[in-house]
Each structure stands twice: as structure tokens, then as C-alpha cells.
Amino acid sequence: MVTKRLLKGLPEDADLRRADSLAREIFSDVANKWALLIIEALGERTLRFSELRDEVEGVSHKMLTQNLRMLERNGLVDRKVHPTVPPRVEYTLTGPGRGLLAAVDAICGWTHQHLGHIEGARRRFDA
């Protein structure tokens with residue numbers, strides 16, 4: 001967690017510890033399973049809705065729609081509608097979205113690195 005010293009001079013909205021801060025709201029938005037998986041799936045690519053749904057196994061149409069809207073609202077995903085029949089909609093990470101991708105990649109790397117340890121801990125716990 002960010003220390004008070006690092007927050008000095010920043011607006012109260014930047015304090016993740018405050019329940020009513022904008023930072024906490026943004027953190028809550030992007031720190032969910034589907035948002036992280038969508039960001040990882042997009043990476044440096046541009047994908048259509050159906051391509052994203054295929055990439056993120058298990059996500060429902062509703063959850064994908066809700067998370068894409070949230071990511072777009074927060075300026076992390078750009079949505080481009082092509083004037084065709086039927087309309088073609090494509091999604092791409094914005095600059096801040098690509099910045100978040102680096103953190104998501106780090107989380108994925110951490111998960112892969114510690115998968116065996118966590119699996120063993122779960123087995124011992126559940127025994």
C-alpha cells in the first residue's frame with residue numbers, strides 16, 4: 001500500500017485507503033478477474049468482440065460487455081465502430097491501458113512462477 005509520505009501533496013482522491021476516493025474506485029474496477037483477462041487478451045492487438053470472447057474462455061456475453069464498457073469509461077480501452085452492416089466494433093488498449101498491461105503481465109508471470117507452490121499449499125490446506 002502507498003505510504004502517507006508518498007501521498008503527500010496528492011489530492012485525497014489518490015489515496016487507495018480512503019473508501020470514497022477515485023483511486024479506490026478505479027482500483028476496484030480494474031482489479032477483477034475479467035478486466036485483467038481482457039487486458040491480457042488485448043495486449044498490443046486490436047480485437048473484435050467475438051474474438052475477445054473466444055480469447056477469454058468462460059466469460060459471458062454480459063460480463064464481457066460490462067467490463068469492456070468499464071474499461072472504455074476509465075480510458076483504458078478504445079472502442080472503434082466501423083460503419084458497416086452489420087457494424088464492426090474493434091477494441092484496442094489505450095496508452096494507459098498498455099501501461100496497465102505491464103502490471104497484468106507481471107501478475108501473470110508471478111502466477112506461473114508460483115503455481116506449483118500454491119498448488120501444494122492448497123493440497124495441504126484441503127487435506
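## Basis of the model

The model is predicted, so local features are given only at pLDDT of at least 70 and side-chain atom pairs only at pLDDT 80 or more, whereas totals for chains, interfaces and linings use all residues. Residues are numbered from 1 along each chain as its sequence is written, and side-chain values use heavy atoms, with hydrogens and water left out.

## Annotated domain

An unreviewed UniProt entry places the feature "domain: HTH hxlR-type" at residues 19-119. UniProt positions are given in the numbering used here, feature names are shortened, and annotations may be inferred rather than shown by experiment. The span of residues 19-119 is 63% helix and 15% strand, and its end C-alpha atoms lie 33 Å apart. Helices (H or I, at least four residues) and strands (E, at least two) are DSSP runs, numbered from the N terminus.

## Helix 5

Helix 5 has 13 residues and reaches 18 Å from its first C-alpha to its last, close to the 18 Å expected at 1.5 Å a residue; the expected span is 1.5 Å times one less than the number of residues. The buried residues of helix 5 are Leu64, Thr65, Asn67, Leu68, Met70 and Leu71. Here buried means under 20% relative accessible area, exposed over 50%, and partly exposed in between, with a 1.4 Å probe and protein chains only. An α-helix has 3.6 residues a turn, so residues three or four places apart point the same way. The cover over the buried residues of helix 5 includes helix 2, helix 3, helix 4, strand 2 (77-82) and strand 3.

Leucine 68, in helix 5, has a relative accessible area of 2% and is therefore classed as buried. Not counting residues up to four places away in sequence, leucine 68 touches Ile38, Phe49, Leu52 and Tyr91, where contact means heavy atoms within 4.5 Å. The C-alpha atoms of leucine 68 and glycine 97 are separated by 12 Å, at 29 residues apart along the chain. Glutamine 66 also belongs to helix 5, but glutamine 66 is partly exposed, at 39% relative accessible area. After helix 5 comes glycine 75, whose phi is positive, near 75°.

## Largest pocket

The largest pocket has a volume of about 250 Å³. Of the 13 residues that line this pocket, Phe49, Thr65, Arg79, Val89 and Tyr91 are the closest to its centre. Two or more lining residues come from each of helix 4 (49-55), helix 5 (61-73) and strand 3 (88-93). Helix 5 gives the most, with five residues. By class, the lining has five nonpolar, three polar and five charged residues.

On a 1 Å grid over the protein atoms alone, a pocket is an open set of points where a 1.4 Å probe fits, with protein on both sides within 12 Å along at least five of seven lines; lining residues have an atom within 4 Å of a point. Grid points are joined across faces, edges and corners, and a volume is the space filled by probe spheres set on the points. Ala, Val, Leu, Ile, Met, Phe, Trp, Tyr, Cys and Pro count as nonpolar, Asp, Glu, Lys and Arg as charged, and the others, Gly among them, as polar.

Histidine 82 is placed in strand 2 and is buried, with a relative accessible area of 14%. Its contacts are Pro87, Arg88 and Glu90, not counting residues up to four places away in sequence. Proline 86 is found in the loop between strand 2 and strand 3. The peptide bond from valine 85 to proline 86 is cis, with omega near -5°.

## Accessible positions

Alanine 31 lies in the loop between helix 2 (22-30) and helix 3 (33-42) and is partly exposed, at 44% relative accessible area. The C-alpha atoms of alanine 31 and glycine 75 are separated by 15 Å, at 44 residues apart along the chain.

Histidine 117, in helix 6 (residues 95-126), is exposed, with a relative accessible area of 56%. Histidine 117 and threonine 65 are 34 Å apart, C-alpha to C-alpha, and 52 residues apart in sequence.
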